[in-house]
Amino acid sequence: MSHRPGGGELAYGRFFLPGPTEVRPEVLEAQARPVIAHRGSAMKVLMAGLQPGLGRLFGTDRPVYVSTSSATGLMEAAVTNLSRRRILCLVCGAFSGRFHDIAALTGRPADRLEVEWGSPNLPDRVAEKLAEAPGRYDLVTVVHSETSTGVLNPVARLAEVVRGHDDLLVAVDGVSSVAGTEVRFDEWGLDFMLTGSQKALALPPGLAFGVASGRALERAAEVSPRSYYFDLLDFERRARQHQTPNTPALTLFYALARQLQRIDAEGLEARLERHAAMARRAHAWTGALATRTGLDFEVLAPEGYRSPTVTAVRLPERLVGPDLVAALRRHGWVIGSGYGKLAPSTIRIGHMGDHTPAELEELLGTLDRVLQEELSR
Ligand SMILES: Cc1ncc(COP(=O)(O)O)c(C=O)c1O
């Protein structure tokens with residue numbers, strides 16, 4: 001198939017990583033256009049054209065920033081722009097923990113409110129924690145889809161808890177959620193949300209996207225020192241002029257424009273339903289596998305809190321995650337190993353971006369055969 005990485009060869013395999021994910025050839029090819037001046041009028045036209053499509057993905061009427069960085073850059077923007085007192089980091093896996101790591105390294109006071117990897121951050125626990133010390137925190141960070149565990153946090157309900165407190169903002173990592181699951185930035189009352197190009201947007205890596213509320217911008221104006229490259233006030237000012245703060249990775253913007261047209265053509269609702277259908281299939285496959293083998297295969301995330309873009313499957317003790325991933329790779333398919341401390345005991349299937357249920361079916365069929373081989377050893 002021509003959209004396989006490696007130009008149809010299986011050298012890189014079919015790519016079901018939980019990011020980066022496969023990019024369709026027409027999107028890759030859109031980058032092969034001449035470079036233009038980033039302060040010129042053609043760039044402004046290009047940038048203005050991106051806004052409606054990006055706004056729909058975030059569920060916002062506010063400007064969406066396009067940052068030439070990976071998503072971590074905008075995580076750092078949240079930490080360095082939005083707190084002048086103390087941050088409460090809701091942690092349920094590796095990526096949500098990164099907000100706290102950034103706070104530690106950039107010298108911002110922060111605490112972790114942690115649940116076991118594989119569990120969601122729940123509103124009641126957050127409400128309790130905030131009630132223990134009213135006014136202690138001025139920013140809560142949370143991940144929407146925790147890519148390391150496949151958990152989808154109840155962001156709308158968590159934001160409702162935050163909105164019950166004066167002078168408290170909420171920043172959301174939507175890296176593996178935006179464009180793969182419903183996001184309503186304005187309606188949910190979020191203050192900052194970010195994502196990256198290489199996940200459910202199915203673009204090459206290298207861009208990040210963010211939205212800030214009016215409250216967030218007021219806060220940023222009070223915070224000093226902030227950050228030079230990741231200054232939200234500069235992003236906002238430039239976005240309103242259909243510009244970027246600095247020289248952007250321009251050719252990726254061409255790919256973005258093409259991909260937003262493709263997303264529009266499919267329809268956002270249909271895109272989200274395709275993701276939900278792939279997730280349901282991955283869950284059903286895991287359940288059927290457990291029944292058929294009598295072994296302990298299970299979806300790591302509890303029902304009701306499962307990400308539509310990534311499924312982490314807990315393996316029975318006799319299987320080793322990296323061995324299974326390596327065996328599948330020999331059959332030409334790439335999936336994710338478990339992340340960090342979950343590496344030996346889980347595998348992760350990234351069903352996001354432009355993948356289809358038919359492609360997922362092919363992957364699961366191959367995985368069935370590989371599992372049979374591994375289990376009969
Ligand atoms: C949920 C989440 N947050 C943050 C990141 C970091 O993104 P990046 O590598 O683009 O900086 C990732 C990457 O996998 C992620 O999945």
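This is a predicted model: local features need pLDDT of at least 70, side-chain atom pairs count only at pLDDT 80 or more; totals for chains, interfaces and linings use all residues.
Where is Pro225 found? Pro225 is found in the loop between helix H8 (214-222) and helix H9 (232-240).

## Overall form

The protein has 13 helices and 14 strands. Its radius of gyration is 21 Å, close to the 21 Å that the globule rule gives for 377 residues, so the protein is as compact as a globular protein of that length. Taken along the principal axes, the box filled by the C-alpha atoms is roughly 65 × 55 × 35 Å.

Of the 377 residues in the protein, 46% are buried. Among contacts with a separation of 6 or more, 70% are between residues 24 or more positions apart.

## Cis peptide bonds

Most peptide bonds are trans, and most residues other than glycine have a negative phi. Against this background, the peptide bond from Ser224 to Pro225 is cis, with omega near -5 degrees. As stated above, Pro225 belongs to the loop between H8 and H9.

The peptide bond from Gly19 to Pro20 is also cis, and its omega is near -5 degrees. Pro20 is located in the loop between strand E1 (14-16) and helix H1 (25-29). Glu22 has its place in the loop between E1 and H1 as well. Glu22 counts as buried because it has 22 C-beta neighbours inside 10 Å, and the cut-off for a buried residue is 20 or more. The C-alpha atom of Glu22 is separated by 35 Å from that of Gly214, a residue 192 positions away along the chain.

## Positive phi angles

Asp167 has a phi near 60 degrees, which is a positive value in a residue other than glycine. Asp167 lies in the loop between helix H6 (155-163) and strand E8 (169-173). This residue counts as exposed because it has 12 C-beta neighbours inside 10 Å, and a residue is exposed if the number is 12 or fewer.

Ala202 has a positive phi too, near 55 degrees, and is likewise a residue other than glycine. The loop that holds Ala202 runs between strand E9 (192-196) and strand E10 (208-212). Is Ala202 buried or exposed? Ala202 is buried, since 24 other C-beta atoms are within 10 Å.

## The pair of helices H2 and H10

The axes of helix H2 (residues 41-58) and helix H10 (residues 250-266) come within 10 Å and cross at roughly 35 degrees. The crossing of these two helices, H2 and H10, is left-handed.

Which residues of H2 meet residues of H10? From H2 they are Leu46, Gly49, Leu50 and Gly53, and their partners in H10 are Phe253, Leu256, Ala257, Leu260, Ile263 and Asp264. By class, the contact of H2 with H10 has seven nonpolar, two polar and one charged residues.

## Surroundings of the ligand

The residues around the ligand include Gly19, Ser70, Ala71, Thr72 and Phe95. Val143, Thr147, Asp173, Val175, Ser176 and Gly196 are also around the ligand.

How many residues of each class does the shell around the ligand have? The shell has four nonpolar, six polar and one charged residues.

Leu105 is exposed, because 10 other C-beta atoms are within 10 Å, whereas Ala103 is buried because 24 are within 10 Å. Leaving aside residues up to four places away in sequence, Ala103 touches Val79, Ile87, Cys89, Arg108 and Ala110.

Distances between C-alpha atoms place these residues in the chain as a whole. Ala103 and Ala208 are 105 residues apart along the chain, and their C-alpha atoms are separated by 19 Å. Leu105 and Arg258 are 153 residues apart along the chain, and their C-alpha atoms are separated by 37 Å. Glu128 is found in helix H5 (residues 123-132) and counts as exposed, because it has 12 C-beta neighbours inside 10 Å. From C-alpha to C-alpha, Glu128 and Glu29 are 51 Å apart in space, and they are 99 residues apart in sequence.

Definitions and conventions: Residues are numbered from 1 along each chain as its sequence is written. A residue is near a molecule or strand if its C-beta atom, placed from the backbone, lies within 6 Å of it. Ala, Val, Leu, Ile, Met, Phe, Trp, Tyr, Cys and Pro count as nonpolar, Asp, Glu, Lys and Arg as charged, and the others, Gly among them, as polar. Axes are lines fitted to C-alpha atoms, for helices over the stretch in contact, and angles run from 0 to 180 degrees between N-to-C directions. Helices (H or I, at least four residues) and strands (E, at least two) are DSSP runs, numbered from the N terminus. A crossing is left-handed if the near helix is turned anticlockwise from the far one by less than a right angle, and right-handed if clockwise. Two residues are in contact if their C-beta atoms, placed from the backbone, lie within 7 Å. The radius of gyration is taken over C-alpha atoms; the globule rule is 2.2 Å times the number of residues to the power 0.38.
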